[in-house]
Amino acid sequence: MGETRPLLQGARLTAWELRRLGVPYTLVTDGMAGMLFRAGKVRRVLVGADRIARNGDVANKIGTYSVAVLARAHGVPFHAVAPWSTVDLSCPTGDAIPIEERAPEEVRGARGVRWAHPDARVFNPAFDVTPASLVTSLITERGIVEGAALAAGGLSRLA
């Protein structure tokens, strides 16, 4: 489970939730993902979603797209697991999802400690979009839509 820099949501939130539920997990930094896939230590990927477009494109915390690409390259199933409330059938594709850009200070430092020059240029999107073509399945409380069916309008059958 990645800690999702710079705000460490994985370490602060997801790890807390998994521990509370008794689900085993290992916390790693975001930059370790490729090495873990290459070493065969990842057997399945489960991610959440902040918004899902009608065609099955998934917007989630930054870095999700990179993990999806790694999963595809290593033959590892990649599943988005989210409540139906994140599905937006009025949004045609992930290209229509606005991506929030967060404050540069989040990357330049934290909690009063600065590790980058205050004038350093920063690009700090909060989310990225994973295309439906990389999603093995989308799992909601209304049902499961397999990846191949996503782009073909499979989400509408759950509406």
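Begin with the open sheet, in which 4 strands lie in the order β1-β4-β9-β10 with mixed pairing; strands here are DSSP runs (E, at least two residues), helices are likewise DSSP runs (H or I, at least four residues), both numbered from the N terminus, and two strands pair if DSSP finds at least two bridges between them. Select β1 and β10 (143–146) next: they stand at the edges with a single partner strand each, so one side of each has no neighbour in the sheet. On average, neighbouring strands of this sheet are turned by 20 degrees against each other, direction ignored, where axes are lines fitted to C-alpha atoms, for helices over the stretch in contact, and angles between N-to-C directions run from 0 to 180 degrees.

Before going further, note that this is a predicted model, in which local features need pLDDT of at least 70 and side-chain atom pairs count only at pLDDT 80 or more, while totals for chains, interfaces and linings use all residues. Residues are numbered from 1 along each chain as its sequence is written, and side-chain values use heavy atoms, with hydrogens and water left out.

Now select β1 together with β4, which run parallel and are joined by 3 bridges; here Leu46 stands opposite His79 in β4. On to β9 (residues 137–140), which pairs with β4 in the parallel sense over 3 bridges, and where Leu138 is the residue opposite Ala80.

The next stop is the largest nonpolar core, which has 22 residues, with Val45, Ile52, Phe78, Leu150 and Leu155 having the most contacts inside it; such a core is a set of buried Ala, Val, Leu, Ile, Met, Phe, Trp, Tyr and Cys residues joined through side-chain atoms within 4.5 Å. Two or more residues come from each of β1 (45–47), α3 (64–73) and β4 (78–81). Select Leu155 and, leaving aside neighbours within four places in sequence, look for its contacts (heavy atoms within 4.5 Å), among them Ile52, Trp84, Leu138 and Leu150.

Finish with two loop residues. Asn55, in the loop between β2 (51–53) and β3 (58–61), counts as buried at 19% relative accessibility, the classes being buried under 20% relative accessible area, exposed over 50% and partly exposed in between (1.4 Å probe, protein chains only). Arg111, in the loop between β6 (109–110) and β7 (113–114), is exposed, with a relative accessible area of 82%, and Arg111 has a positive phi of about 50 degrees although it is not a glycine.
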